[in-house]
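Here are my notes on how a few pieces of this model pack together. Have the structure open while you read.

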Amino acid sequence: MLKDKIKLLCDALNHLADEPLTFMEVCGTHTVAIYRSGLRSLLPKNVSLVSGPGCPVCVTDQGEVDAAIQLANKGDLIFATYGDMLRVPGTRGSLQDLRARGADVRVVKSCDEALNLALKNPTKEVAFLGVGFETTAPSTAAVILEAAEREVENFSVLCFHKLVPPALRLLAGSKELKVDGFILPGHVSVVLGVAPYMFLPRDFKVACAIAGFEALDIMEGIVELARQVRYRDFKVSLLYARAVKPEGNPLAQKLVRRVFDEADARWRGLGEIKKSGLRLKAEFSRFDAAAKFDLRIEEVPLPSGCKCGDVLMGKITPQQCPLFAKRCNPDDPVGPCMVSSEGSCAACYKYSHKVM
């Protein structure tokens, strides 16, 4: 039954795609699903998929990684991080290397776990590395509100949360990158809803579809993008209604607005994007780890030869990076795209790379 449905969608795509088309899947989870299912092999030759900056670990700027390592190395401090950030290479090693040398770096599954560490260790500072998009920012906001209510003094957040729509605006307006449509991120859209993407079809005449993560969901999204281009019917189509409401999650949005202000932020490969990051409001500044520990986020070049930035921009595929599967591999990564479970290079290596 599934094969029959996908075949019908492939037939529809062959009919609709009467010109070369390039679509970008923005979400890292979509990227992994596309590689795992082998969807690219089913597409017509004139339909291409490129990966975008939808992996929160991958887009964390090199200077931000270095700042996190600098903070974790301060001594009598517990540094809490999501597991994917542990092995991301900084200029001089990684958090994992630091932990091997005795630093108290701990993997947590949520910001709430980091706050619990602070409550259980009242004589130690606990700093949490806050990364992720609109999906994880509400939980960070909720924990900061709890910490404020409970008057926790030994807890702070190194906030590197980023916002997806400003990055999409940059990509849609890029003269270097020709993208005909976006498969919009499903998880982020659960929080945002539809309205924050409406500028894409309105201002850039770009096709957009919010799709789920099964192979059938993604194929339906690709067909819808091709239909929009073919008939010049540009819109944001919601194809993931079982999880995404048009208005998104108002409570999550309210939490983010309550705790954070929008701020300029640097993205790996994309550079500084206006109002694409989050910073704590002044009333919560005591929980700002960068201010509390006097950290400076420097502008740091990417590792020599690493093309993670170009992969995140959709300019090249992972295999086109000269380091892919050579000097850069899952056991010894050079860039974060080979580290993260949602990274394009890691997914390509796992599902498409043929080991000789």
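1. Helix α6 (residues 111-120) packs on helix α7 (residues 137-149) at an angle of about 25°, with the axes 9 Å apart. That makes α6 roughly parallel to α7, a label for angles under 35 degrees. Axes here are lines fitted to C-alpha atoms, for helices over the stretch in contact, and angles run from 0 to 180 degrees between N-to-C directions. Helices (H or I, at least four residues) and strands (E, at least two) are DSSP runs, numbered from the N terminus.

2. Which residues make the contact? On α6 they are Cys111, Asp112 and Leu115, and on α7 they are Thr140, Val143, Glu146 and Ala147; contact means heavy atoms within 4.5 Å.

3. Now the sheet: it is open, has 5 strands in the order β2-β1-β7-β8-β9, and its pairing is parallel. Strands pair if DSSP finds at least two bridges between them. The edges are β2 (47-51) and β9 (236-238), each pairing on one side only. On average, neighbouring strands are turned by 20° against each other, direction ignored.

4. Strand β1 (residues 21-25) pairs with β2 in the parallel sense over 5 bridges. Look for threonine 22, which stands opposite serine 48 in β2.

5. Helix α2 (residues 28-37) lies across β1, β2 and β7 (181-184), and runs at about 120° to β1.

6. A caveat: this is a predicted model, where local features need pLDDT of at least 70, side-chain atom pairs count only at pLDDT 80 or more, and totals for chains, interfaces and linings use all residues. Residues are numbered from 1 along each chain as its sequence is written, and side-chain values use heavy atoms, leaving out hydrogens and water.

Terms used:
Angles under 35 degrees count as roughly parallel, over 145 as roughly antiparallel, 65 to 115 as roughly perpendicular and the rest as oblique.
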